[in-house]
Amino acid sequence: MSAPATQSSTKPTAPLPESLLSIRDVVKRFGKRSVLRGISLGVAPGEFLTILGESGSGKTTLLRLIAGFEQLDRGEIWIAGERLDPIPAFRRPVNTVFQSYALFPHLSVFDNVAYGLRARRTPKTEIPDRVRKALQMVKMSEFEQSAPARLSGGQQQRVALARALVNRPRVLLLDEPLSALDANLRRQMQTELKSLQREVGITFIFVTHDQEEAMALSDRIALLRAGLLEQVAGPREIYAQPSTAYAAQFIGQTNLLNAEVRDGIANAGGIVWRCFGPTGKTSFSLRPECIRLVVPGTPARAADVATARFRASIKNQTFGGPLDLLEIECGNSQVLRARIPNPGALTGEREFEFSANDAVQVRDGSEV
Amino acid sequence: MYSRAYKAAVAIPPVLWVTVFLLGPYAILFCYSFWSVSPQQVIVHNWNIQNYLQLMRNPIYLTVLFRSMRIAATVTLLALVLGYPLAYYASFYAALRKDLLYQLVIIPLWASYLVRGYAWKTILGSDGVLNGFLQYLHITQRPVEFLLYSPFAVILTLTHIYTPFTFLPIYASLEHVPRNLVEASHDLGASSWSTFRRVILPLSLPGVLAGATFAFVLTLGDFLAPLLVGGPSGIMISNIVVSLFGAAYNWPLGAAISLCLLLLVVGMLFATEQLERKLTLS
């Protein structure tokens, strides 16, 4: 238990000074089970932050702690210089879009959206205007008087968004809001959600288990694994520079190479390349698209360790439009996946290469 | 998908049931209400509306009917006031004791109605438990008489008996209130009280309506409680029907009162159903 604790404090996850929301060393237990084991995270104003993790990683619990539906066992949550965690849910300047929308079935769309304004005693003359603007924003104006039950899933989703945004929360919390929609609608809503967020400029904290969704939407991704933050970084950075083997495998596809580093050279079962890391056993992440097929007859430059070259036999080839997915077996019966643009049908043994820079050193990650 | 013969065969039991136990008896009752009793105490089949006219003319029937409705309304109100908080607590706050509480409310329903009626008789009587207790504490010097054989006793007994009937549908409707709606309400800035008023109560109204209907209709038709604890001032309309079919041997008049009562109840059921449909659709 002590190893992960020290690890989390050395990770670059300390609250940023300009954070709007800062989560400090938060621990949450349900009975004997620790769901969150020391989370520290800062969220900048106007940021779209995604909490990404598998089911059971604690991502929804973290969101519920911010919303005030659960009480934390240790740590603090601050918002705009104010302590948030002792405040009851109904007084917090945050709003939630629920996974199942949670629209009030006995109220019309208008009354659903007006609910928060009425509960917080907004002047009566202001309400219709603000409700209509919110409905306009999500393109639901014509459904003002409809009952939620008569709306489709996507429409309910929009109303839920309007109902939350109309209160102008400091932070909007979204709990897997798109998971109930079919694939096409989902992509469309992703685009709309992103542009809506830019438009209103409100900080979004978005929970999902879908890494593609996380990459498409987020300014930053906080990857959660078994109650600990694995990595917090922008989508491009987390993809290009995953800090752990888990992060590399969870976000996109990757090949994990177990290499022995000695004298500035990494050796993974006969594949060698230049490496500036310390001596010893290390894991490397190599994205499938970083492996290239060597055109037969290209001379190998001797002692060019900036590029790793190796022979491998084609085990399997799947046509995938612009990129084919190859499974190749090199020495040591190590199987790698490679994405090669238009290679044509391949058989037998071929030569492949990758740049040393594309093999990213990763830690094995927190113990679970 | 199913053959006609199969469909017909499946329909036979309910059709038989409805005919033999509902339509038949009501048809007979309907006929009786237009007949009369001769001075020789024989029922004669000469069609007339004398029974209904008598119902209107003789104030005793209307007085007792209004008293019955007043008692039924009071019992309904009390049963709701007792049953709703109980159901609310059981559904939202009892957690692990939920099932226990539920069973505790149900158990009295397994005891015979008569036993519960008699129990109240021994509690409320002039040498009963309650009077003994009051005198022991020197709150009263001699037995308090109005406790038993009064409308008060009838209301008390019926409230005790019919509160579970309000509890059950209210509990069921509260259990169906999605808990994330409560969270959504808090999230939008509503306090617990405000959430109850704006979300929980409106969504449980169908249960309240069903419970109220049960309590009102069952109380209105009750004749055992007035018989056991009511006394002369606690007589209800069904007691009159019972005596007309029994000692007084005036089946036609009894049938006429029964039909009026039936129409009243059916009208009420219809009205509440309309109301409920309106509530659930809005």
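**Briefing: helix packing, chain contact and strand pairing**

In chain B of this predicted model, helix α3 (residues 59-92) packs against α9(B) at an angle of about 140°, and the two axes are 8 Å apart. Angles over 145 degrees would count as roughly antiparallel, so α3(B) is classed as oblique to α9(B).

**The α3-α9 pair of chain B**

- The crossing of α3(B) past α9(B) is right-handed.
- On the α3(B) side, the contact is made by Ser68(B), Met69(B), Ile71(B), Ala72(B), Ala73(B), Val75(B), Thr76(B), Ala79(B), Leu80(B), Gly83(B) and Tyr84(B).
- On the α9(B) side, the contributing residues are Val208(B), Gly211(B), Ala212(B), Ala215(B), Phe216(B), Thr219(B) and Leu220(B).
- Sorted by class, the contact of α3(B) with α9(B) has 13 nonpolar and five polar residues, with no charged residues.

**Contact between chains A and B**

- Chain B gives 16 residues to the contact, and chain A gives 16 residues.
- On the side of chain B that touches chain A, the elements giving two or more residues are α8 (179-187) and α9 (192-220) of chain B.
- The largest share of that side, six residues, belongs to α8(B).
- The side of chain B that touches chain A comprises eight nonpolar, six polar and two charged residues.

**The four-stranded sheet of chain A**

- Strands of a sheet pair through backbone hydrogen bonds, in either a parallel or an antiparallel manner.
- In chain A, four strands build an open sheet in the order β2-β1-β4-β5, with antiparallel pairing.
- Its edge strands are β2 (33-43) and β5 (82-83) of chain A, each of which pairs on one side only.
- Strand β4 (residues 74-79) of chain A is joined to β5(A) by two bridges in the antiparallel sense; Trp78(A) has Arg83(A) of β5(A) as its bridge partner.
- Helix α2 (residues 59-67) of chain A lies across β1 (21-30), β2 and β4 of chain A, and runs at about 65° to β2(A).

**Strand pairs around β14 of chain A**

- Strand β14 (residues 280-286) of chain A pairs with strand β11 (residues 255-262) of chain A in the antiparallel sense over seven bridges.
- Within this pair, Gly280(A) of β14(A) is the bridge partner of Val261(A).
- β14(A) also pairs with strand β20 (residues 360-362) of chain A, in the antiparallel sense and over three bridges.
- Here the bridge partner of Phe284(A) is Gln361(A), in β20(A).

Definitions and conventions: Residues numbered from 1 in each chain as written. Chains lettered and ligands numbered in written order. Predicted model: local features only at pLDDT ≥ 70, side-chain atom pairs only at ≥ 80, totals over all residues. Pairing = 2+ DSSP bridges. Contact = placed C-beta atoms within 7 Å. Axes fitted to C-alpha atoms, helices over the stretch in contact; angles between N-to-C directions. Nonpolar A, V, L, I, M, F, W, Y, C, P; charged D, E, K, R; others polar. Parallel < 35°, antiparallel > 145°, perpendicular 65-115°, else oblique. Left-handed = near helix turned anticlockwise from the far one by under 90°.
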